[in-house]
Amino acid sequence: MNSMLQMTKILKKEKTRSIQITPGYSCNNDCIFCVTRGQDGAKMMGDMTTQQIKDIIRRKSVDVNTNVGFDGGEPTVRHDIIEILKFIKERKARIKMLTNGIRCCDPDFASTLTDYVDHLYVTVYAHTPELYGYLTRRKQNFDKMVTGVKNLFKLSQKKNFSIDLKILVCKPTAPKLPEIVKFISEEFPRPRRLCIHGLTIAGNSEKNKDEVGIRLKEAAPSIKEAINLGLEMGQNVTLRYIPPCIFDDPFYYDFCEMDSTERSINMVKMSREYMKKPQESYGPQCGECRFHGRCVGLWPGYANEYGYDELTPIKTFQSEIFSSHNGSCCSSLCTG
Ligand code: SF4
């Protein structure tokens, strides 16, 4: 057989697939911006049974070439979460999980969980019990979250899994972003990435949009300050669902996450209301932009609420943008 053909077949066979599973909507918080409506959503939608999740794993032929992602709700509140992770690990798949870290305040639970996961994406929404309590409606969980995140970092030094921390940009957090970055940098070891995440408008964030919604352009000065402080404090800062064109300085383009090549099949029960939202991240003007086709654009829910008029196509060539970095940049955006 032609060696090129053989190579193509091997590459196809070894291609990694990603499956995103939302095992349910139950959660130990009740966030005012929760896209799945917090505790109301959990009551409305219910959780998948252990058997339903195992059936998905079997049906999707999860194996060594599969990344399985968990979100929710809060996956760690399930009584069967370890059983499910074990079931997946027997198939040698990689496991990623979005978690609020609260249950990991129990060191035994944190230790067992991290026997199975390869990557954790942990939300640290606030730097004080008051702000955390306002956002999550569970002020008592702030200390548990902090202890949980510390436990996870300790375990990550001995075990083979990585941690990203997630901050969300919403109206109450926007002016506090530098303080949140400072708190995280002083309280915890450095995560693999410190992700500053744009907010979508759906579920509770739609219901409470006057309280939580903020335009990205309005939040941009604080996001820039948070990036600057993060860099000073040795953080690897990444922006998600925050497109480069909201910044007036090309220096900040470099922190915007570009379109991931990883595509996932979502195994989730969604409400009809969520499903009917337009699924468009780009404005009509995006076609003229240098980043079109790579930029992740806006959350569709955000665009549905605020439209696309904040997006100003970037017409400068990358080489012109990065010449301002004095040749020192090294991101995936750099063509130099
Ligand atoms: S593609 Fe659109 S959203 Fe992305 S940077 Fe360009 S104008 Fe902004």
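## Overall make-up

Helices (H or I, at least four residues) and strands (E, at least two) are DSSP runs, numbered from the N terminus. On that basis the protein chain has 14 helices and eight strands. The model is predicted: local features need pLDDT of at least 70, side-chain atom pairs count only at pLDDT 80 or more, and totals for chains, interfaces and linings use all residues. Residue numbers start from 1 along each chain, as its sequence is written.

A residue is called buried if 20 or more other C-beta atoms lie within 10 Å of its own, exposed if 12 or fewer do, and partly exposed in between, with C-beta atoms placed from the backbone. Of the 336 residues in the protein chain, 39% are buried. Two residues are in contact if their C-beta atoms, placed from the backbone, lie within 7 Å. Among the contacts in the protein chain with a separation of 6 or more, 76% are between residues 24 or more positions apart.

## Strand β5 and its partners

Strand β5 covers residues 162-168 and is mostly covered, with five of its seven residues buried. Strands count as paired if DSSP finds at least two bridges between them. Strand β4 (residues 119-123) is joined to β5 by five bridges, and the two run parallel. Within this pairing, Leu-120 has Ile-163 of β5 as its bridge partner.

β5 also pairs with strand β6 (residues 193-197), in the parallel sense and over five bridges. Here Lys-166 stands opposite Cys-195 of β6. In a regular strand the side chains alternate between the two faces of the sheet.

## Helices α8 and α11

Two packed helices are described by the angle between their axes and the distance between the axes. Axes are lines fitted to C-alpha atoms, for helices over the stretch in contact, and angles run from 0 to 180 degrees between N-to-C directions. Helix α8 (residues 177-187) and helix α11 (residues 216-232) have axes that come within 8 Å and cross at roughly 20°. α8 and α11 are therefore roughly parallel to each other; angles under 35 degrees count as roughly parallel, over 145 as roughly antiparallel, 65 to 115 as roughly perpendicular and the rest as oblique.

On the α8 side the contact is made by Leu-177, Pro-178, Val-181 and Lys-182, and on the α11 side by Ser-222, Ile-223, Glu-225, Ala-226, Leu-229 and Gly-230. By class, the contact of α8 with α11 holds six nonpolar, two polar and two charged residues. Ala, Val, Leu, Ile, Met, Phe, Trp, Tyr, Cys and Pro count as nonpolar, Asp, Glu, Lys and Arg as charged, and the others, Gly among them, as polar.

## Helices α3 and α4

Helix α3 (residues 50-59) packs on helix α4 (residues 81-89) at an angle of about 15°, and their axes are 11 Å apart. That angle makes α3 roughly parallel to α4. α3 passes α4 in a right-handed crossing.

Thr-50, Ile-53, Lys-54 and Ile-57 of α3 make the contact with Glu-83, Ile-84, Phe-87 and Ile-88 of α4. The residues in the contact of α3 with α4 divide into five nonpolar, one polar and two charged.

## Loop residues

Arg-137 lies in the loop between α6 (129-136) and α7 (141-158). Arg-137 has a positive phi of about 55° although it is not a glycine. Arg-137 counts as partly exposed because it has 15 C-beta neighbours inside 10 Å. Not counting residues up to four places away in sequence, Arg-137 touches Asp-30 and Ile-32. Asp-30 is 107 residues from Arg-137 along the chain, yet their C-alpha atoms are separated by 5.7 Å.

Lys-92, in the loop between α4 and β3, has phi near 65°, a positive value in a residue other than glycine. Lys-92 is exposed, with 11 other C-beta atoms within 10 Å. The peptide bond from Gly-72 to Gly-73 is cis, with omega near 15°, and Gly-73 is placed in the loop between β2 (66-70) and α4. Asp-106 belongs to the loop between β3 (94-99) and α5 (107-113) and is partly exposed, with 16 other C-beta atoms within 10 Å. The C-alpha atoms of Asp-106 and Thr-147, 41 residues apart along the chain, are separated by 8.5 Å.

Technical notes:
A crossing is left-handed if the near helix is turned anticlockwise from the far one by less than a right angle, and right-handed if clockwise.
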